[in-house]
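Good morning, colleagues. Please look at the sequence and the structure on the screen before we discuss them.

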Amino acid sequence: MGGLGVGSSVRLLDVKGLRKFFPIRKGFLKREVGQVRAVDDVSFHVEKGETLSLVGESGCGKTTTARCILRAITPTSGQTLFRGQDGSVVDVASLPKSQLRPLRRQMQMIFQDPFSSLNPRRTLFDIVAEPLVANEVGTRQERVDRVAELLRLVGLRPEYMRRYPHAFSGGQRQRIGIARALALNPSLIVADEPVSALDVSVQAQILNLMLRLQAQLDLTYLFVAHDLSVVKHVSDRVAVMYVGKIVEMAETQRLFTAPRHPYTEALLSAVPKPDPRLRAHRIVLEGEVADAANPPSGCYFHPRCRYAVDACRQETPRLEEIEPGHFVSCHRARELTLRGVGQ
Amino acid sequence: MVDPVTDSRAAPILSVRDLKTHFFQDEGTVRAVDGASFDVPRRKTLGIVGESGCGKSVTARSILRIVERPGRIVGGSILLRRDAGNGRAGEVDLAGLDPAGYEMRQIRGGDIGLIFQEPMTSFSPVHTVGNQIIETIQLHQNVSVEAARLKATEMLHLVGIPKPERRLDEYAFQLSGGLRQRAMIAMALSCGPRILIADEPTTALDVTTQAQILDLLRHLQDREGMTIILITHNLGVVAEMCDEVVVMYLGRVVEQGPVDAIFHAPKHPYTQALLRSIPSIHATVRTELPTIAGSIPHPYNRPSGCPFHPRCPDFMPGTCDRSEPSLRPVEDGPGVSCFLYHPA
């Protein structure tokens with residue numbers, strides 16, 4: 001379990017003021033006519049051994065945030081301080097490309113689609129051993145042993161090593177993807193929608209595997225997802241994003257039972273509950289997610305917010321810690337009583 | 001709401017009996033739907049649930065007779081009971097019609113509307129949304145372009161698309177996911193079908209947009225008195241929307257019953273296991289989920305007997321792997337296809 005504010009906790013990742021703007025270009029000369037503020041001043045930290053989930057709807061910037069942290073794309077500004085396995089802290093966002101490779105061993109990614117993320121022309125051994133080859137780890141025999149060990153770890157038989165991905169089901173392929181991510185003993189795993197392409201009965205198996213591996217290998221997860229039920233099962237803390245900004249961040253249980261941001265409340269209410277006796281009156285948000293290239297004034301959520309007042313239209317709220325560990329970006333966070341789910 | 005007394009006496013609007021749709025491929029035959037039977041009650045929402053490969057989408061395509069080659073309906077019947085209000089009254093067996101014939105083309109869109117999962121691929125990218133809806137209307141009704149255009153505007157307005165006159169002349173790629181799905185619904189409903197088949201209508205959408213679309217479907221059903229067949233893998237959506245539920249596994253119906261019975265007193269071991277394994281928003285934080293052992297068998301490699309027996313916790317050797325159970329009612333409750341309730 002992740003330490004919450006206890007003195008012993010170590011920050012594995014500290015993201016400060018992360019921004020990623022994509023230019024919008026038009027015309028023959030490709031002049032820049034605007035910017036999409038995909039990630040706009042996002043700050044959070046992840047403690048060693050915990051799971052932090054980034055949730056939100058499509059286009060809210062959760063995946064871009066994750067990719068910036070891995071330096072798969074270079075952020076526009078901001079810092080991502082990562083504590084390496086040797087104890088030193090480096091800013092991944094500003095590191096020159098040549099120095100990234102040793103860090104990449106320590107942060108790995110699990111992808112959403114187990115069908116397109118595995119090369120169909122390579123065997124399981126080639127796929128899982130690729131990070132070892134790329135980083136020149138071990139001899140061939142050592143790699144074979146390591147791959148066998150990894151396959152056993154994720155619940156696959158080592159004899160499968162010579163087969164190709166097409167012989168495996170979606171759930172098994174996701175296990176292969178996890179084995180590949182674990183090959184270099186990373187400390188941080190970024191999982192981008194790892195179960196959303198899977199069937200329900202298989203989802204549960206993969207989520208259980210991820211929880212077990214975390215305990216066994218002392219992994220830290222940054223989990224990117226849109227499914228709040230899945231998020232609840234795996235996270236210690238949750239950050240809700242809306243149009244490039246974090247609007248609320250808290251310990252999982254607290255965020256679900258006592259949300260303080262109207263968007264979180266609506267999001268929780270919109271999740272269909274698997275119980276016909278709970279057909280409650282849902283909060284149905286009007287309109288659509290704001291355009292990140294042309295966001296509304298003040299609080300980005302105000303055009304859809306049923307609690308909006310004049311201040312919301314004019315002033316942009318700041319992310320404030322209203323209770324220990326509970327951050328909210330809403331002018332009315334302290335006065336509103338919002339509805340959560342569960343006990 | 002419909003009076004429950006008269007409604008229970010009314011014959012179901014659609015009865016599927018022992019439907020078999022097989023795909024004949026070089027590697028072998030895939031029995032995508034293999035003896036599915038269920039009734040669709042009038043003016044209600046029937047949910048068909050199951051995981052990938054269970055045959056739920058092929059069932060829907062079989063009803064509309066749009067199964068693509070090498071697939072073919074090889075057995076069973078699909079009885080549609082039309083009421084007098086919509087042209088010719090009486091029963092018709094869709095499985096016996098020519099898929100490309102006049103009558104089937106009238107039923108498709110006219111009596112039964114369809115909305116797909118991915119609205120982006122179901123609209124043509126080179127025709128405006130309006131032209132596609134107008135074309136649908138003119139195929140089924142003998143009206144002028146102007147009248148059809150007026151009707152199309154009305155439909156877009158009905159499904160809650162702002163400024164419908166302008167949206168009519170836009171292309172599908174200019175609309176957001178939610179608006180596109182609304183336009184899809186408008187097109188499906190433009191000829192006043194009595195049955196709407198919605199195949200994963202909200203799977204590609206975000207939760208808040210999903211809530212909007214589900215709300216819209218419910219509202220339209222109340223207003224038009226439509227019957228909805230909702231095909232989904234999302235048990236949350238089923239619980240919120242459906243009156244009746246059909247649970248499918250490997251091409252067969254394993255259980256059918258009222259929504260409350262399915263969720264609170266499931267009978268079939270597969271339904272029970274499926275309900276236990278879904279991540280719930282009400283669950284305790286960071287707990288392991290109960291899982292179903294194994295995975296869905298490969299379609300060429302169907303187990304003998306009950307298709308669920310290799311994964312079933314209540315497997316009875318000698319019975320479940322030898323003979324196939326059939327769907328029969330338990331007490332007066334839902335229908336179940338399992339030897340636990342009907343000894344062989």
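Predicted model: local features only at pLDDT ≥ 70, side-chain atom pairs only at ≥ 80, totals over all residues.

Let me begin with the interface: 37 residues of chain B are in contact with 39 residues of chain A. On the side of chain B that touches chain A, four helices of chain B, α9 (207-224), α10 (235-241), α11 (259-264) and α12 (269-277), each supply at least two residues. The largest share, six residues, comes from α9(B).

For the complex, the predictor gives an ipTM of 0.83 and a pTM of 0.86.

I turn now to the interior. In soluble globular proteins, nonpolar side chains tend to be buried together. Here, the largest nonpolar core has 192 residues, and those with the most contacts inside it are A:V190, A:V240, B:I197 and B:I229. Helix α8 (residues 177-189) of chain B provides the largest share of this core, eight residues.

What is A:V240 in contact with, leaving aside its neighbours within four places in sequence? Its partners include A:V55, A:G56, A:I246, A:H261, A:Y263 and A:L267.

Finally, I come to confidence in chain B. The chain averages a pLDDT of 87, and 94% of the residues score at least 70. Within chain B, strand β3 (residues 45-49) has the highest confidence, at a mean of 95, while helix α1 (residues 4-9) has the lowest, at 44. Over residues 1-9 of chain B, pLDDT stays under 50, and the model has three contacts beyond four places in sequence for these residues.

How values were computed:
Residues numbered from 1 in each chain as written. Chains lettered and ligands numbered in written order. Core = buried A, V, L, I, M, F, W, Y, C linked by C-beta atoms within 7 Å. Buried ≥ 20, exposed ≤ 12 C-beta atoms within 10 Å, placed from the backbone. Contact = placed C-beta atoms within 7 Å. pLDDT = per-residue confidence, 0-100.
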